[in-house]
Amino acid sequence: MQTVEPIVEKNLTCPQCASPALYRFGFVRGLQRYICLTCGRQCIPGHERVISLARPTCTTCGAGMHLFKKMTDYTVFRCGRYPACHTYLKVEECPGAATAPGLED
Ligand SMILES: [Zn+2]
Ligand SMILES: [Zn+2]
């Protein structure tokens, strides 16, 4: 009797919702495909255009903002001039497979 257990890829996150709950979901042209259990999005890591958020611009001072906090379903950017400027921006969109947190510059 064979038991098939889903394998969670710990280093991958959904390009749509950033959920880490990606399970192997067969192959496409020899490439491993995954499906997100959170939103159902299928993806092939490395073979899909990464939806990366351009760094937003601070609405208060116009400086470039930095990624401050990445949550499951939203991302928080902080003004690059912090602490001189305390502007935060919450973006409810997955930044995709963006890696570097870049908390401090
Ligand atoms: Zn997802
Ligand atoms: Zn600012």
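**Strand pairing and backbone geometry of the predicted chain**

An open sheet of 3 strands has the order β4-β5-β6, and its pairing is antiparallel. The edge strands of this sheet are β4 and β6 (88–91), each of which pairs on one side only. Neighbouring strands in the sheet are turned by 30 degrees against each other on average, direction ignored; the axes are lines fitted to C-alpha atoms, for helices over the stretch in contact, and angles run from 0 to 180 degrees between N-to-C directions. Strands (E, at least two residues) and helices (H or I, at least four) are DSSP runs numbered from the N terminus, and two strands pair if DSSP finds at least two bridges between them.

The model is predicted; local features need pLDDT of at least 70 and side-chain atom pairs count only at pLDDT 80 or more, whereas totals for chains, interfaces and linings use all residues. Residues are numbered from 1 along each chain as its sequence is written, and chains are lettered from A and ligands numbered from 1 in the order in which they are written.

The chain has 6 strands and 0 helices, so that the elements run β-β-β-β-β-β from the N terminus on. Buried residues account for 15% of the 105 residues, where a residue is buried if 20 or more other C-beta atoms lie within 10 Å of its own, exposed if 12 or fewer, and partly exposed in between, with C-beta atoms placed from the backbone. Of the contacts between residues at least 6 apart in sequence, 36% join residues at least 24 apart; two residues are in contact if their C-beta atoms, placed from the backbone, lie within 7 Å.

A hairpin connects β4 to β5 through 4 residues, and lysine 70 stands opposite threonine 75 in β5. Threonine 75 also has a bridge partner in β6, namely valine 91. In total, 4 bridges join β5 to β6, and these strands run antiparallel. The loop between β5 and β6 contains proline 83, which is joined to tyrosine 82 by a cis peptide bond with omega about 5 degrees.

Lysine 90 lies in β6 and is exposed, because 11 other C-beta atoms are found within 10 Å. Leaving aside neighbours within four places in sequence, lysine 90 is in contact with Tyr74 and Val76. The C-alpha atoms of lysine 90 and phenylalanine 77 are separated by 6.4 Å, the two residues being 13 apart along the chain.

Another open sheet is formed by 3 strands in the order β1-β2-β3, with antiparallel pairing. Strands β1 and β3 stand at its edges with a single partner strand each, so one side of each is left without a neighbour in the sheet. Strand β1 (residues 22–28) pairs with strand β2 (residues 31–36) over 5 bridges in the antiparallel sense; phenylalanine 27 has glutamine 32 in β2 as its bridge partner. Between β2 and strand β3 (residues 42–43) there are 2 bridges, also antiparallel. The partners in β3 are glutamine 42 for isoleucine 35 and cysteine 43 for tyrosine 34. In a regular strand the side chains alternate between the two faces of the sheet.

Arginine 29 is exposed, with 7 other C-beta atoms within 10 Å. The hairpin of β2 and β3 has 5 residues between the strands, with glycine 40 in the turn at a positive phi of about 85 degrees. Alanine 18, in the segment before β1, is a residue other than glycine with a positive phi, near 65 degrees. Alanine 18 counts as buried because it has 22 C-beta neighbours inside 10 Å.

The chain averages a pLDDT of 78, and 70% of the residues score at least 70; pLDDT is the predictor's confidence in each residue, from 0 to 100. Confidence is lowest in β3, at a mean of 87, and highest in β5, at 91. Over residues 94–100 pLDDT stays under 50, and the model has 18 contacts beyond four places in sequence for this stretch. Where pLDDT is low, the predicted coordinates should not be read in detail.
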